[in-house]
Amino acid sequence: MKQFENVYYFFSNAELNPNKFFKDFFVKKTEVPIKTSDSNTPRLLVIEIENTIKNFTFNFKDFDYNCSYCYQSLDPEKTVFKVTNVLSYSSRKEQAAHAFSELIRTIKINKKSDFNMTAIIDSLSTYYSDQSRSPANEG
């Protein structure tokens, strides 16, 4: 499976939680009622660990893309994070590039003024740059 991967610094003046941000906007919430009277009901304990890959699906033009993110705090005050976003695809690279571009645009819109983001690795821009230099695109 091929992929686009961008790495960002997310930074803010206040404490930041990239995991909550992604969960709120991209991870579908499925709630299953738990019967508390049944002692045989399995319980799930979720422990959030930095630098673990978290998966989600991003829909673009009626096609679901497998995406993931992981993050790492870079300071003790939790105001700066290194965040990696990945979109995986099997074919149709150009449409996948448009989908990844839309994913990034969605992140930028939903972050509002809560934090800033600066790209440190940008495979999407590299792809578009290579496309503009290819012989097929020359005059």
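The model is predicted; local features need pLDDT of at least 70, side-chain atom pairs count only at pLDDT 80 or more, and totals for chains, interfaces and linings use all residues. Residues are numbered from 1 along each chain as its sequence is written, and side-chain values use heavy atoms, with hydrogens and water left out.

A search of the whole structure found 0 disulfides (pairs of cysteine sulfur atoms within 2.5 Å). Cys-67 is buried, at 3% relative accessibility. Cys-70 is also buried, at 16%. Buried denotes under 20% relative accessible area, exposed over 50%, and partly exposed in between (1.4 Å probe, protein chains only).

A nonpolar surface patch is formed by Tyr-9, Phe-11, Leu-74, Ile-120 and Ile-121. Together these residues have about 420 Å² of accessible area (Shrake-Rupley method, 1.4 Å probe; for residues, only the protein chains shown count as cover). Strand 1 (2–11) and strand 5 (116–122) each give two or more residues to the patch. Ile-120 lies in strand 5 and is partly exposed, at 39%. Strands (E, at least two residues) and helices (H or I, at least four) are DSSP runs, numbered from the N terminus.

Lys-61 is not a glycine, yet has a positive phi of about 50°. Lys-61 sits in the loop between strand 2 (54–60) and strand 3 (63–73). Its relative accessibility is 66%, so Lys-61 counts as exposed. Arg-92, also not a glycine, has a positive phi near 55°. The loop between strand 4 (80–89) and helix 2 (93–111) holds Arg-92. Arg-92 is exposed, at 57% relative accessible area.

Key:
Patch = residues over 30% accessible without salt bridge, like charges linked within 9 Å, V, L, I, M, F, W, Y side chains within 5 Å. Salt bridge = Lys/Arg side-chain N within 4 Å of Asp/Glu carboxyl O.
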